[in-house]
Amino acid sequence: MRAAPFAYLRPDSLEEAFEALAQFGDEAQLLAGGQSLMPAMALRMARPGVLVDISRLAALRGIALEEGALVLGAGTTYAEALRAPLVATHTPLLVEAIPHIAHEAVRSRGTLGGSLANADPASEMPACMLALGAQVVLRSAEGERAVSMEEFALGTYTTAIEPGEILAAIRIPLPESPRRSRFREIARRSGDYAMAGAALVSDEAGEARFVLFAVSDRPILVPGAPDVDAVLAAIDAEVEFFPDNHVGISTKRHLAGVLARDLLSRSAPKEAA
Ligand SMILES: Cc1cc2nc3c(=O)[nH]c(=O)nc-3n(C[C@H](O)[C@H](O)[C@H](O)COP(=O)(O)OP(=O)(O)OC[C@H]3O[C@@H](n4cnc5c(N)ncnc54)[C@H](O)[C@@H]3O)c2cc1C
């Protein structure tokens, strides 16, 4: 199948992109790496009348330390994040997780912002950003607002992005004490979307954030970490499991328990930042 006809715009600035979104409204859709949108268009599951290509906007690029946070431009590709020394130093969780995403061709084009905006519940990046306590920076012609990952991911393919807004950057706060992290996902084959996955971030003060993904309609911050029994109890009592095309609810629930025991029971996490 081929994509339905569409017009193509490549604005030279964020301001021009906002103008295009204002002019074409619901007809317009942003194009970043195209690794989710182009397949969806080819299958005619997405039929934007106007594609607004933001993949070359300088305003969405860059990786920097700013005011106690690691700030990643939304247009950062997975491959760029994987190569960045600042990411390796401050968020080794991302370095551990990114190789699980698809394969090199997808990772060289797909962007962090595109992954968060796409909000596939089986995606690795939204779960990692939630575990890291990240905020997304949403910009529009009216200004800018920061939204926590807890408030950003609203459901399958649904986020807090309002019409006219562009996800510009991701801010990951840097902790005062060293932070440790772990990541694991269970997939049929390397590079496949996960059947279930988990990310854990903990600090020396005993605070921990344990996130499950690919088990519900969004990444879930499960309370109780780092106490494995408390997390297992919360998984039973509080997590609403959703099936996917391959795996039912009871298997998802079982895998969530396996991941919690695995990540929370090991005594000496290997990643530190
Ligand atoms: C074969 C294959 C395997 C894959 N496997 C995985 C996997 O295992 N795990 C995984 O997480 N992903 C996987 N993906 C998806 C891939 O990670 C995509 O790159 C990612 O989901 C979207 O990023 P993108 O930059 O390509 O966005 P696009 O496809 O360009 O856009 C995706 C959506 O986000 C919107 N959007 C993009 N950027 C912004 C922005 N800055 N602000 C607001 N809205 C925006 C677009 O309008 C569109 O609706 C796979 C893709 C393929 C083709």
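## Strand pairing in the sheet

Strand 2 and strand 3 (residues 50-53) are joined by four bridges and run in the parallel sense; strands pair if DSSP finds at least two bridges between them. Helices (H or I, at least four residues) and strands (E, at least two) are DSSP runs numbered from the N terminus. The bridge partner of Q29 in strand 3 is L51.

The open sheet has three strands in the order 1-3-2, with parallel pairing. Strand 1 (7-9) and strand 2 (28-31) each have a single partner strand and stand at the edges, so one side of each lacks a neighbour in the sheet.

## Basis of the model

This is a predicted model, in which local features need pLDDT of at least 70 and side-chain atom pairs count only at pLDDT 80 or more, while totals for chains, interfaces and linings use all residues. Residues are numbered from 1 along each chain as its sequence is written, and side-chain values use heavy atoms, with hydrogens and water left out.

## Ligand surroundings

The ligand is surrounded by 29 residues, the closest being L30, Q35, L37, Y78 and T111; a residue is counted if one of its heavy atoms lies within 4 Å of the ligand. Helix 7 provides the largest share of this shell, four residues.

Polar contacts are pairs of N or O atoms within 3.5 Å. An oxygen atom of the ligand lies 2.7 Å from an N or O atom in the side chain of S123. A backbone N or O atom of A32 is 2.8 Å from an oxygen atom of the ligand, and a polar backbone atom of A102 is 3.4 Å from a ligand oxygen atom.

Definitions and conventions. A polar contact is a pair of N or O atoms within 3.5 Å; within protein, one must be able to donate a hydrogen and the other to accept it, and residues adjacent in sequence count only if both atoms are side-chain atoms.
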